[in-house]
Amino acid sequence: MIRTVRHFVTLRKSSIHTAFSLRSCSRSHGRNSSQTTKRAERFGFSPAATSKYDWIGPPDRLSNLRPIIYHIPENESPLERELRHLRQETEDWNHEKMTLSHEEMAVFYKHFLDTNITRHATYNREWYKRNFTITLLMARVTLQNTWRTVTGQARGTGREKHKTI
């Protein structure tokens with residue numbers, strides 16, 4: 001079952017769950033880092049101290065990235081801490097991307113198209129060939145069905161030819 005409470009959900013292995021106690025605004029693991037506090041302030045929410053899962057928020061209206069408040073286990077190893085910090089920093093880095101102007105995007109896109117022109121041409125040729133073949137087959141099927149209707153023939157499944165008695 002999926003429930004959304006204030007648009008934040010926890011991830012629990014293969015299923016999604018929510019916590020019911022949402023009013024608590026701090027983590028009582030004795031590791032209340034400034035990064036976690038900043039993230040909670042930015043999202044306007046902090047999961048309950050008893051929460052044992054990562055919390056995923058709704059997509060940001062500008063970057064379309066979902067904010068994540070990572071769970072900090074009580075017995076977090078240095079390697080786990082390094083992983084969590086790197087994940088947080090990477091998420092923050094992605095979220096704070098600079099935006100490009102229309103002109104900058106046009107230059108980038110033109111360069112991209114110019115460097116991949118052969119791949120695009122090959123793809124477009126194959127796409128048109130497949131769609132043209134589909135259109136021709138649809139026309140043949142329509143004509144065949146129309147002909148059967150006009151001549152009064154029953155529509156067969158095509159399996160009758162291969163049946164043996």
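**Briefing: fold, surface and salt bridges**

F112 is partly exposed, with a relative accessible area of 34% (buried means under 20%, exposed over 50%, partly exposed in between; 1.4 Å probe, protein chains only). This is a predicted model, in which local features need pLDDT of at least 70 and side-chain atom pairs count only at pLDDT 80 or more, while totals for chains, interfaces and linings use all residues. Residues are numbered from 1 along each chain as its sequence is written, and side-chain values use heavy atoms, leaving out hydrogens and water.

**Fold**
- The protein chain has four helices and four strands (DSSP runs of H or I, at least four residues, and of E, at least two, numbered from the N terminus).
- Along the sequence, these elements follow the pattern β-β-α-β-β-α-α-α.
- Of the 165 residues in the protein chain, 21% are buried.

**Helix α3**
- F112 is found in helix α3 (residues 102-115).
- F112 also contributes to a nonpolar surface patch of about 660 Å², together with M98, L100, M105, F108 and Y109.
- D114 forms a salt bridge with K110, with the closest N and O atoms 2.9 Å apart (a side-chain nitrogen of Lys or Arg within 4 Å of a carboxyl oxygen of Asp or Glu).
- D114 is partly exposed at 44% relative accessibility, whereas K110 is exposed at 51%.

**Other salt bridges**
- The count comes to five salt bridges.
- E76 and R84 meet in one of them at 2.7 Å, N to O, and both residues are buried.
- K129 and E126 lie three residues apart in helix α4 (residues 117-151).
- Salt bridges that share partners join E126, K129 and R130 into one network.

Methods
Patches are made of residues with over 30% relative accessible area and no salt bridge: like charges are joined within 9 Å, nonpolar side chains (Val, Leu, Ile, Met, Phe, Trp, Tyr) within 5 Å. Accessible areas come from the Shrake-Rupley method with a 1.4 Å probe; for residues, only the protein chains shown count as cover.
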